[in-house]
Amino acid sequence: MSAPLVSVVVPTRNNARTLAACLRSIRAQDHPAVELIVVDNHSTDGTAEIAREWAHRVIVAGPERSAQRNLGAHAGAGEYVLWIDSDMVLRPRVVSDAVATALATGAAAVAVPETSVGAGFWVACRALERSCYVDEPRLAYPRLVLRSALLGVGGFDESLAGTEDMDLRFRLEEAGFTVSLATEFIDHDEGHLTPWGVAAKRAYYGRGLVSFADRHPGGMRTQAGAVLRSYGRHLPRLLRHPVLAGGMVVLRSAEAAGYAVGLVRGRRARRAARP
């Protein structure tokens, strides 16, 4: 029985620093049927040249990650679609393990656990945080999805940024699909991680929280509860690393502050748009 084709979609913009490692890791997968599609949002730093070297197809389009993922999904021919951010590196069995998980469980969607890599104190704090999430089902967001299921629910909501993965899981489940969790890890290059950088990014993401809350009442509360449960379950690990755990608190506080700012901005923008 032939292996199903997987369309791996990589949205990117000005990520020449990490893109080559990302694309090399995709081309090195042990799954025998992979097509690599890069959707580049008009990069100016050499990203496009790197993409053309490694990808089977390069599409130049924006404006945001959700729209880029949708474009790649429509352009691909795979039975499955898998999306990877351009600052991620796949371990050699990520694709084959995700497909095997989907086939073994009958799930239409599969989440893939991540670990944070990079230098510095804040990256180590983030790595500790991510280690608490790997066994919390509600924090496992789809990364490999049957193309028919993805397109059947309308793909990614292009009005969202930052919460689009959570939104997709909710909509897949509402449509009767299940989400399973694979075992192979993706390495996420965090780059120069700082609390103020995290806050700024979440402030941008937070603008879409108004739309997310409208579509999924109680959804944010459910996810917050899952985060707290994961910390409680892994409390012994956190207590073994008190300094890093303290840094986690700082990062999560910065995220919460950023989301709050974004939420306020989103509400103001909605009010201003009303006739």
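This is a predicted model: local features need pLDDT of at least 70, side-chain atom pairs count only at pLDDT 80 or more; totals for chains, interfaces and linings use all residues.
Trainee: Okay, so why does Asp157 count as buried?

Mentor: Set the value against the cut-off: Asp157 has 16% relative accessibility, so Asp157 counts as buried.

Trainee: And where does Asp157 lie?

Mentor: In the loop between α6 (147-152) and α7 (164-174).

Trainee: What makes the Asp157 and Arg215 pair a polar contact?

Mentor: The side chains are joined at 3.5 Å, and the definition takes N or O pairs within 3.5 Å, one able to donate a hydrogen and the other to accept it. Leaving out residues up to four places away in sequence, Asp157 touches Ser66, Glu164, Asp167 and Arg171 as well as Arg215.

Trainee: Switching to the largest nonpolar core, which residues touch the most other members?

Mentor: Of its 29 residues, those are Val6, Val8, Val10, Leu23, Ile26, Ile84 and Leu144. Elements supplying at least two residues each include β1 (6-12), α1 (16-27) and α4 (94-105). Apart from that core lies another, of 18 residues, with Val9, Ala61, Ala109 and Val153 among them.

Trainee: What does Val6 touch, not counting residues up to four places away in sequence?

Mentor: Among others, Val34, Leu82, Val99 and Leu144.

Trainee: Last one: which residues of helix α5 are buried?

Mentor: In α5 (residues 121-131), they are Val123, Cys125, Arg126, Leu128, Glu129 and Arg130. The elements they pack against include β7 (114-117), β10 (186-189) and α12 (242-273).

Definitions and conventions. Residues are numbered from 1 along each chain as its sequence is written. Side-chain values use heavy atoms; hydrogens and water are left out. Buried means under 20% relative accessible area, exposed over 50%, partly exposed in between (1.4 Å probe, protein chains only). Helices (H or I, at least four residues) and strands (E, at least two) are DSSP runs, numbered from the N terminus. Contact means heavy atoms within 4.5 Å. A nonpolar core is a set of buried Ala, Val, Leu, Ile, Met, Phe, Trp, Tyr and Cys residues joined through side-chain atoms within 4.5 Å.
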